[in-house]
Amino acid sequence: MVKAMRNKNLIAAFIIAAITVTAFSCKDTGTSPTTKPFKDPREMTWTVDTLAVPSWAIQVLPKDLLVVSPTDVWLAVWVGHGQIYHYDGKSWTMSLDLGGGIFCLTKGTSNDVWAGGYSNTIYLGHYDESNWIRVNDMDITGEIQSMCTDPSGNIWACGWNGLIMKYNKIQWVADTIKISGFNQNNCYLYSVRYYDGKIYVFAQNSENTRFAYISGNIKNWTVMDTFPLTSSTDVIKWGTLGSFNGISGKLYSYGLGGIWQLGSSGWNQVYDSDGAIRNISGPSENYLIGVGAYNRIMFYGGNTWQNISNYLKITDPNVAFNNVWTDGNEIFIAGYSMNAKTIIWHGK
């Protein structure tokens, strides 16, 4: 009975999460492994920056966070359309104002930053250290929801209708992932990551709430597993909101019910949550931070998961956290308050 009630709560939470979160986590860490000893976030000094709601908007909601370095930080937000802000270590300034949406960011091979979303058709653009340049030859209907960069410097992007794309540093190549039992028009690829020599893609069929994860390469995809999420007896096998593989070298997924790690025999749940985890980051499997709604900032230091939100001295009990990045020495967390302002916490 308890398990049935819990699963009903998770399914209800899924509806809320799907509305408020673009899934996600599509950023690349953009950093190399550090040799410094990791610093406990409870011992860090925390500062706060706020992106105020413009007079013509009703909200500023964070969508994706890319930290190239602590003095080179990019944040995609939603204000009724897409914007990208940049932090230079001192202040936040708007870098791009797009008549569409920006949902994901990743770093290229040099100092360029890539963004994905939609603007009439799919939006793919990159910042060349001075301007945002749109890829204008991609007349594809839909939205880009997730991006990543593989070790060879190829950029990967995925989104609606099973769309998966690869940029080989010369041109973009588009492909379609088809999954048996999924209506192609409702096949939503919500996260893409490189891991262990392959690309892993996570999919949801919004028509019947079925999930899948796929691995492979362009024109050669294999559906690894699927599961439904339509009743209280269904088992969540991996994260329903996004995935992460930073400098820890492990592949994680997160969403309703917590956090999972991919092992040799499949997905293993490493954190069991009564709500949704919206993003995770960490430099090691013994140093992870997962964030979610209702002041949920969960820190794993190698033993147990602990909520450390009280160390940030947050007075609003309903703050929702959408994004987190950490290299073990500094932390950036982006969230929003009930008055619809985006707030960025920086610990070091």
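Let me begin with strand E21, residues 287-292, which pairs with strand E22 in the antiparallel sense over 5 bridges, and please keep in mind throughout that this is a predicted model. Within that pairing, Val 291 stands opposite Ile 297 in E22, and the two strands form a hairpin with 3 residues between them, where Tyr 294 in the turn has a positive phi of about 55 degrees.

On its way onward, E22 is joined by 3 bridges to strand E23, residues 305-307, and these two run antiparallel, with Phe 299 standing opposite Gln 306 in E23. E22 and E23 also form a hairpin, this one with 4 residues between them, and Gly 302 in the turn has a positive phi of about 115 degrees.

Is E22 covered or open? It is mostly covered, since 5 of its 5 residues are buried. Arg 296, Met 298 and Tyr 300 point one way from the strand, while Ile 297 and Phe 299 point the other way; in a regular strand the side chains alternate between the two faces of the sheet.

Turning to the largest nonpolar core, which has 29 residues, the members that touch the most others are Trp 238, Ile 259 and Trp 267. E22 is one of the strands that each supply at least two residues of this core, and E19 gives the most, with 6 residues.

Finally, elsewhere there is an open sheet of 4 strands, in the order E1-E26-E25-E24 with antiparallel pairing. Strand E1 and strand E24 stand at the edges with a single partner strand each, so one side of each is left without a neighbour in the sheet. The twist averages 20 degrees from one strand to the next.

Note on methods:
Residues numbered from 1 in each chain as written. Predicted model: local features only at pLDDT ≥ 70, side-chain atom pairs only at ≥ 80, totals over all residues. Heavy atoms only, no water. Pairing = 2+ DSSP bridges. Axes fitted to C-alpha atoms, helices over the stretch in contact; angles between N-to-C directions. Core = buried A, V, L, I, M, F, W, Y, C linked by side-chain atoms within 4.5 Å. Buried < 20%, exposed > 50% of the residue type's maximum accessible area, 1.4 Å probe, protein only.
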